[in-house]
Every structure is written in C-alpha cells, then in structure tokens.
Amino acid sequence: MDMKYREILTGDRPLGKYPLHLLKRVDSPTNKYAGEITRRDPDETAFDRAANGEYGEEIADLIKKFHGREPLLASFVSLQTHLAKFGLPPVAEEKAPIPEDARILTRHIKALAYFAGADMAGICRLPQSALYLRTEERDPIECDLSYAIVLLNVKHTDTIRSSYGREWIDDPTSFAVYQRSACQAQVIAGYIRRLGWAAETSIFDKYLTVMPQLIIEAGLGEESRMGIALNPFVGSAFKTSAVLTDLPLEADKPIDFGLQDYCSNCKICAEQCPMRAISFGDKELYNGYEAWPLKYRNCVTGVVTNKTGNICERCIKICPWNRPDNRPENFREWDGNVRFLHDSVNRQAGRLRANGYREPEEYTDKWWFPLLYADGSLIDAPEFDYAELDRRLAAMKKDR
C-alpha cells in the first residue's frame with residue numbers, strides 16, 4: 001500500500017474534535033495505585049448487589065421494574081438489549097494487506113472512531129485487572145487481547161441543564177449515549193475482525209471490563225470524588241464503550257489536569273447529594289488504588305426509590321466540571337494551560353452557588369412528558385418537587 005499521500009496516518013496533526021493532545025501525560029494514574037488490583041465479579045457492583053437482595057426485598061423488586069416503567073427509557077432499553085446481543089463476524093483467516101505499523105494503525109483506528117461518531121477516543125494496554133471475572137450469564141471471562149480502544153460519547157448538555165438531576169429524562173440521557181457507544185464499538189470490532197485480527201466489545205449490558213479503569217488508563221479522565229471518571233472538557237456527562245483487540249496499536253498515557261486537588265477542595269457533589277452517598281473526607285485505599293469512598297447502598301436506594309424520575313444523577317448535574325462551555329468550539333484557542341480549565345469550572349461553581357444550585361433552563365426547557373405505566377396504561381407521572389428537596393438538603397446541611 002502506497003502511503004506517501006497518507007500524511008493523516010503518519011503525521012502528528014490532531015484527529016478528534018477535542019484537544020486531547022494538549023493534556024499533560026503521566027506515567028501512572030493520578031489516583032495512586034498502592035497495591036494489587038484484583039479482578040471483580042459483576043455481582044459486586046452496587047446494582048447487582050441490590051438486585052440480588054442485599055439491600056432488601058423491596059429494593060430488589062423495584063430494580064426488576066426499573067427499566068420498564070417509563071415509555072422513553074423502555075424504548076431505549078429494548079434496543080440496547082438487542083445491541084448487546086448482536087453478534088460479531090468471525091475473524092478472517094487471512095490478514096488484510098495493510099501496514100502493520102502500530103502508529104499507522106493507531107491513527108487509522110482513532111480516525112475510524114471519530115468517523116463512526118465518537119466524541120473522544122483513547123487507547124490503553126488492556127490490564128487483566130480491568131476484566132470482570134465472568135459475564136452476567138456466569139460464563140468466565142478469559143481474554144488475552146492486548147489493547148482496549150475506549151470510545152467516549154457526550155450526553156445531551158442542554159437536556160441535562162433542563163433537569164434537576166432526579167427527573168424522568170435523566171436515565172434516557174445516559175441510554176442515548178450508551179447506544180451510540182455500543183453501535184460504534186460493534187462496527188469497529190466487526191471491522192477489525194474482518195481485517196484478520198481478534199476483537200471483542202465491552203458495551204452496556206455486556207460489559208467485559210470495568211470501564212472507569214480503562215477511561216483513566218486510556219487518558220480520557222481522572223478519578224473524581226463522585227467515584228466515577230471525569231473528563232477535563234465535558235466533566236462526567238458521558239458514557240463509554242470499549243473494543244478489546246490484538247491489533248498492534250500504540251497506547252496513550254494517563255492524564256493529569258489537577259482534578260485530585262480540585263475534588264479534594266470542592267465538595268459540591270457531596271453537599272448536594274440527597275442520599276448522603278458521597279464522602280466529604282479524604283481518599284481511602286480500595287482494591288489496590290486510592291479513591292474517595294462512596295456509600296453505595298445509599299446511592300442505589302436513592303435511585304430506585306426516586307418517585308420523580310428514573311434515576312438520580314444529581315451529582316453529575318451539579319458538578320461544576322459539567323459546565324455549559326463544554327463543546328469543541330470552546331477549546332479551539334486552548335493552549336494546554338490547565339488554569340484555563342479551572343477558571344471555567346470555578347465560574348460555573350460561582351454561578352451554581354449564586355443561583356441556589358439551579359439553572360434557568362430547569363424551569364423553561366423541559367421538553368419531555370412525565371409519564372408512567374400503570375396497569376398497562378400510561379398516566380401522568382409525579383414531577384420533581386423542588387421544595388421537598390430543598391428541605392432535605394437544608395436538613396443535611398444542619399446535621400453536618
């Protein structure tokens with residue numbers, strides 16, 4: 001293959017919409033690894049523990065009904081279930097006549113990720129510790145593939161700004177990007193297999209991997225106080241999928257944009273969590289790495305018992321890193337100075353505090369219908385009660 005006219009595959013110019021190339025790269029994640037990270041069983045995740053009855057029969061019963069009680073979410077879930085079961089083609093017996101240069105293939109795959117619609121893409125070596133021990137069907141996961149291609153997709157910012165974070169639209173904002181991420185991963189994995197290299201997908205409802213670890217190791221985020229990975233440009237308002245492969249690639253390094261210090265001092269998410277699930281304290285050692293502890297039972301209970309929405313994403317809504325100036329055009333002139341990012345976040349924090357942690361869009365831009373199924377028919381669903389939550393948050397502040 002003649003490459004002399006293919007500078008896009010051999011050069012250094014940025015490929016994506018966001019300036020990932022300007023971020024500070026470090027040799028290891030900023031949430032320090034302090035021991036061996038052991039592989040986890042899916043049953044250890046908070047939702048699985050709740051579904052298995054650990055948090056009580058009432059919570060387990062509510063989880064069974066969780067994704068089918070509201071028509072928009074149910075519509076997303078039914079398609080996502082199909083995507084998770086969508087099969088991949090066999091790996092071609094002969095490799096395609098393309099260069100096996102890792103740099104060229106890396107830029108090719110990242111360009112494909114953006115072509116397929118991903119907002120950001122990163123690559124890391126696949127650590128065995130990031131693999132779950134088994135699938136949801138209880139089949140053991142054995143994977144000797146070398147790399148993870150991580151695909152990040154941003155939630156609909158205007159809709160997030162229109163909700164308080166505990167309303168009927170909040171889970172559909174996640175599933176809309178779960179689906180984009182799943183489609184991208186399935187296409188890329190199918191393509192790689194047709195080229196003659198092995199590839200598997202790790203997507204919602206069929207995750208083979210612990211995604212936060214891959215996000216961090218692929219240089220797309222840092223660990224946050226909320227217990228989820230946070231991206232310097234779009235905060236935590238995103239979802240991801242991954243393609244695992246043995247295609248020869250170049251790995252990205254983790255990033256450092258000062259989030260550990262920022263989260264140590266901010267604490268807005270902890271102040272605004274209605275379930276008191278987020279810690280005000282320091283990091284602790286968890287499974288070989290440092291992280292802020294979470295009260296998972298409080299979080300899941302608050303999610304499934306929410307009577308005004310499908311889920312609780314108050315922390316994601318209220319985190320000042322999830323600011324309105326998060327689109328690619330807002331970073332066109334950015335030179336890599338982290339102070340620019342922090343100043344933008346501080347302005348958002350100031351706006352939140354000055355406006356009682358609300359935004360004007362919450363009152364005017366709710367385009368969705370609050371509906372619930374009841375005995376097979378749709379009825380008006382309870383809408384969010386600002387006064388009740390204000391009382392709860394005021395009581396929490398008094399108790400601290």
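The legends below describe close-up views of aromatic contacts in this predicted model.

**View 1. The aromatic pair F233 and W334.** Among the 14 aromatic pairs found in a search of the whole structure is that of F233 and W334, whose ring centres are 5.5 Å apart and whose planes stand at 80 degrees, so that the pair is edge-to-face. The two residues come from distant parts of the chain, 101 residues apart, with F233 in the loop between β5 (229-230) and β6 (238-245) and W334 in the loop between α12 (314-318) and α13 (338-354). Both F233 and W334 are buried.

**View 2. The aromatic pair Y262 and W321.** With ring centres 5.5 Å apart and planes at 80 degrees, Y262 and W321 form an edge-to-face pair. Because Y262 belongs to helix α9 (residues 259-265) while W321 lies in the loop between α12 and α13, the pair ties together parts of the chain that are 59 residues apart in sequence. Y262 has a relative accessibility of 12% and therefore counts as buried, the cut-off being under 20% relative accessible area; W321, with a relative accessible area of 1%, is also buried.

**View 3. An aromatic cluster that includes F233 and W334.** The residues shown are Y18, F233, F331, W334 and F340, which together form one aromatic cluster.

**View 4. Charged side chains over aromatic rings.** The charged end of K283 is placed over the ring of W292, at 4.9 Å from the centre of that ring. In a further contact, R314 lies over the face of Y164, 3.6 Å from the ring centre.

How values were computed:
Residues numbered from 1 in each chain as written. Predicted model: local features only at pLDDT ≥ 70, side-chain atom pairs only at ≥ 80, totals over all residues. Heavy atoms only, no water. Phe/Tyr/Trp six-rings, centres within 6.5 Å; stacked < 30°, edge-to-face > 60°. Helix = DSSP H or I, 4+ residues; strand = E, 2+ residues; numbered from the N terminus. Buried < 20%, exposed > 50% of the residue type's maximum accessible area, 1.4 Å probe, protein only. Lys NZ or Arg CZ within 6 Å of the ring centre and 35° of its normal.
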